[in-house]
Amino acid sequence: MSALDALRRSRTRSAVPDAGRPEGRHLLEVSGLTTRFDTPAGLVHAVNSVDFHVDRAEIVGVVGESGCGKSVTIRSILGLVRPPGRVVDGTARFNGVDLLALSGAELRRLRGKEIGFIAQNPFSALNPVMRIRRQFAKIMAAHGVRSEGEAHDRARAALADVGIAGPDRVLDGYAHQLSGGMAQRVVIAMAMLLNPTFVIADEPTTGLDLTVQRQILDLIRAMVKEHERSMLLVTHDLGVVAQYCDRVVVMYAGQVIEHGTVREVLGTPGHPYTQALIRAIPRPGQPLVHLTGRLPDLVDYPAGCPFQARCPHAFDPCARVVPEPVTTASGHTYRCHLPQEKEAVR
Ligand code: SF4
C-alpha cells in the first residue's frame, strides 16, 4: 500500500473530503493558497489566493521575478514554511488528499515516497558532516529499507541513473568534495530514489554555469518523462519554460496573473507583465528590453492590480479594482482590465 493510500485509509471522510476518490481530476490542485509572514515591518502578503493545477505526466513551470512568491508557494504546499510564516488559507490536494491538512509526520512520509523535492541549493539540501552513503541510507530507512546491502545497491543504482560514473567514490565522500553540478545530481538521485510520481524542482540550476544548467535540466526532464512522472518546475527564466514545460503559471506579487499552455502564454500573452518578461528574453541581434520598476510593497499591498505601478497600459480602474480572471475557450487565463484584450477572447 502506498503512503498516500495509507493516509486516505487513516483519515476520516470529513478530514479528507476526496478520500473516496483516489484518482482526482488533477494530480495536484492548489486552490486559494494564502501565506503570510508576521514581521516587525508588518504582515507580508507573500502568497495571495493562488490557484493552479498539475495533471498527470505533465511539466508545469512556475515563473516570475525573485520575490514574486514562487518558492514560498512551493514551500507552502510541502509544509516547509517556518515561523514567522504561516499558511492562512487554501487547499493543496494531491491525488485527492489535502496536503495542508496533514501533520508534519504525514507530510514527511509523502515527501520522498510520493513527492520528490529538488531544492535550489544542493549544498543546503545535503548534510555537510555526513557521508553521502549514510544520507541515502537514512532516506531509505525512513521508508522501510533497513538492509544495508539493499540500501547500498539502490544508492549506487540511483547515482548511476543520474550519470555519476564512480558512485562508490561519491558515496564514501562528503558534500563539500563535490562540484555544484555533481552535488545537484546527488540531490536529484535522492529525490528520485523512492520512485515518486510527482517531482517539485525549485530553481534547480541556480548558481551553476550555463552548460551544467542545461545538463541538469535535460537530466531532470528525461527522468520525469521516462517514468511518466509529473513535475512542477520553479524558474525565473522563460527560456527554460519554453524548452522544458508543457504549461506555465506566471506569478507576480504573490498572485497567479496568467496561466495556460506554454504555446498560448508565450505565443499570445494576455497580461502586460508576461509580455514584458517575454520582451526581456535575449534574442540574437535584438536589444534587451528590461522591465523597469520594482515589485510592490508586500506589506502595504496595493489595491487594484498589483502591476499598476510598472504597467505601460495602466488606466483608471487599475488602481481601484482587482482584475477578474479572463479565460479563453482553451483555458488560457489572465488577470487584466485591458478592454481590447477582453474583446479579443471568447
Ligand atoms: Fe496593467 Fe491595468 Fe492590466 Fe494591471 S489591470 S496589467 S495595471 S492594464
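**Helix packing and burial**

Reply: Helices α5 and α6 (residues 148-161) pack with their axes 10 Å apart, at an angle of about 110°. The model is predicted, so local features need pLDDT of at least 70 and side-chain atom pairs count only at pLDDT 80 or more, while totals for chains, interfaces and linings use all residues. Residues are numbered from 1 along each chain as its sequence is written, and side-chain values use heavy atoms, with hydrogens and water left out.

Me: How are α5 and α6 oriented to each other, and what is the handedness of their crossing?

Reply: Axes are lines fitted to C-alpha atoms, for helices over the stretch in contact, and angles run from 0 to 180 degrees between N-to-C directions. Angles under 35 degrees count as roughly parallel, over 145 as roughly antiparallel, 65 to 115 as roughly perpendicular and the rest as oblique. α5 and α6 are therefore roughly perpendicular to each other. Their crossing is right-handed (the near helix is turned clockwise from the far one by less than a right angle).

Me: Which residues make the contact of α5 with α6?

Reply: Contact means heavy atoms within 4.5 Å. From α5 come Arg133, Phe136 and Met140, and from α6 come Ala151, His152, Arg154, Ala155, Ala158 and Leu159. By class, this contact has six nonpolar, one polar and two charged residues. Ala, Val, Leu, Ile, Met, Phe, Trp, Tyr, Cys and Pro count as nonpolar, Asp, Glu, Lys and Arg as charged, and the others, Gly among them, as polar.

Me: At what angle does α5 pack with α8?

Reply: α5 (residues 132-142) and α8 (residues 180-192) pack at about 20°, their axes 10 Å apart. They are therefore roughly parallel to each other. α5 contributes Ile132, Gln135, Phe136 and Ile139 to the contact, and α8 contributes Val186, Ala189 and Met190. The contact of α5 with α8 has six nonpolar residues, one polar and no charged.

Me: How many residues of α8 are buried?

Reply: Buried means under 20% relative accessible area, exposed over 50%, partly exposed in between (1.4 Å probe, protein chains only). In α8, 11 of its 13 residues are buried, including Val186, Ala189 and Met190. Helix α12 (residues 272-279) is also mostly covered, with seven of its eight residues buried.

Technical notes
Helices (H or I, at least four residues) and strands (E, at least two) are DSSP runs, numbered from the N terminus.
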